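The sequence and structure come next.

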Amino acid sequence: MVKKGRVFSGARPTGRQHLGNYFGAISNYVALQEEYDCVYCIVDLHALTTLESTRDLRKNTLEMAWDWLAAGIDPVKSIVFVQSMVRQITELHTILSMVTPLGKLTDLPTFKEKVRENPHNINYGLVGYPVLMSADIVLYKSNFVPVGIDQSPHIEFARETVRSFNFRYNTNALIEPQAKFTSFPKIMGIDGVNKMSKSLNNDIEIAATPEETTKLVMQMVTDPQRQRRSDPGNPDVCNVFSLHKIFTSPEQVASINSECRRAGIGCVDCKKMLAANMNDYFTPLRARRMEFQKDPDVTWDMLRDGAKRASVIAETTMVEVRKAIDLP
Ligand code: TRP
């Protein structure tokens with residue numbers, strides 16, 4: 001089948017992935033593989049912008065790769081690799097930084113946010129984060145970048161960088177990418193108020209054991225107005241109900257909806273059903289993950305093989321870039 005173009009996406013190695021990562025990004029990556037030529041990258045260099053220690057970096061890279069593979073990201077159909085394995089990325093990053101006005105970087109909302117979060121570690125690399133991200137996208141001649149809406153300033157930035165580079169060096173070596181926004185509703189954490197996130201410690205990992213999953217689901221915050229078992233609940237404001245819509249059959253969702261409203265079902269039973277459905281949903285994924293976990297070297301070899309294929313595209317781009325600039 002003729003593919004509709006190249007998709008590139010990157011994610012920082014955050015270790016074991018949670019439901020938010022899965023529905024917000026990974027399942028979309030899996031789906032895109034059918035129609036697009038996909039390149040998926042674990043961006044370990046980006047992680048260095050905020051890490052104090054690299055002690056867990058390899059482990060987190062591997063754990064994330066396992067979740068990706070177990071979810072169905074196919075290393076034969078797609079190119080799956082680790083950012084730092086393809087050395088051309090740092091060369092392109094340096095070159096693109098020369099066509100980037102500093103003020104544009106410091107004005108980005110994502111930069112200001114990072115400064116608020118990390119006031120004691122505002123390094124040069126953090127300022128240049130979007131330049132490195134642009135380099136990722138254009139190094140692999142990507143047409144589309146599946147991202148959440150929070151990343152849209154970065155994609156716009158990448159487009160402007162491409163235009164600046166191509167204009168300055170009178171070339172069309174670099175391709176202007178387009179954002180492909182993912183529309184999946186955001187998954188809230190077990191606190192019911194914040195977006196699910198590892199740093200807020202409100203997450204459920206997709207590869208958790210059934211027991212861990214059940215324990216976390218039982219801790220989930222429900223409709224705060226429902227104090228007693230005999231109070232009628234409101235599924236419209238309940239995070240457990242939102243998750244039922246993902247994991248539970250339409251018939252069961254309809255029954256939970258009406259039973260909750262008339263206090264026919266309590267939160268404990270409702271959560272038990274959710275945990276059971278969630279565990280059923282992830283059983284095949286967890287089994288596939290166990291296979292990969294048996295031998296980390298197989299996964300590292302696979303990532304290195306992906307990097308080899310990625311390097312071919314990267315070097316083609318760099319030959320054009322060096323020529324456009326007239327570097328010897
Ligand atoms: N900035 C992205 C994030 O924080 C990660 C990323 C790095 C990325 N390079 C990329 C995403 C290239 C898409 C394309 O989620």
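## Basis of the helix geometry

The axes used here are lines fitted to C-alpha atoms, for helices over the stretch in contact, and angles run from 0 to 180 degrees between N-to-C directions. The model is a predicted one.

## Packing of H10 on H13

Helix H10 spans residues 210–218 and helix H13 spans residues 267–293. Their axes are 9 Å apart and form an angle of about 145 degrees. The crossing of H10 past H13 is right-handed.

On the H10 side, the contact is made by Pro210, Thr213, Thr214, Val217 and Met218. The H13 side contributes Val268, Lys271, Lys272, Leu274, Ala275, Met278, Asn279 and Arg286. By class, the residues of this contact between H10 and H13 are seven nonpolar, three polar and three charged.

## Packing of H11 on H13

H13 also packs with helix H11, residues 239–247, at an angle of about 35 degrees. The axes of H11 and H13 lie 10 Å apart, and H11 passes H13 in a left-handed crossing.

From H11, the residues in contact are Val240, Leu243, His244 and Phe247. They meet Cys270, Lys271, Met273, Leu274, Asn277, Met278, Tyr281 and Phe282 of H13. The contact of H11 with H13 comprises nine nonpolar residues, two polar ones and one charged. Lys271, Leu274 and Met278 of H13 take part in the contact with H10 and also in the contact with H11.

## Ligand shell

The ligand is surrounded by 13 residues, of which Arg12, Tyr129, Met133, Asp136 and Gln151 are the closest. By class, the shell has seven nonpolar, four polar and two charged residues.

Which elements each supply at least two residues of the shell around the ligand? They are strand S1 (6–11), helix H8 (129–139) and strand S4 (144–147). H8 gives the largest share, with four residues.

## Polar contacts and cover of the ligand

## Positive phi angles

Lys141 is a residue other than glycine with a positive phi, near 50 degrees. Its place is the loop between H8 and S4, two elements that each supply at least two residues of the ligand shell.

Asp326, also not a glycine, has a positive phi of about 75 degrees. Asp326 lies in the segment after helix H14 (296–325).

Conventions:
Residues are numbered from 1 along each chain as its sequence is written. This is a predicted model: local features need pLDDT of at least 70, side-chain atom pairs count only at pLDDT 80 or more; totals for chains, interfaces and linings use all residues. Side-chain values use heavy atoms; hydrogens and water are left out. A residue is near a molecule or strand if one of its heavy atoms lies within 4 Å of it. Ala, Val, Leu, Ile, Met, Phe, Trp, Tyr, Cys and Pro count as nonpolar, Asp, Glu, Lys and Arg as charged, and the others, Gly among them, as polar. A crossing is left-handed if the near helix is turned anticlockwise from the far one by less than a right angle, and right-handed if clockwise. Contact means heavy atoms within 4.5 Å.
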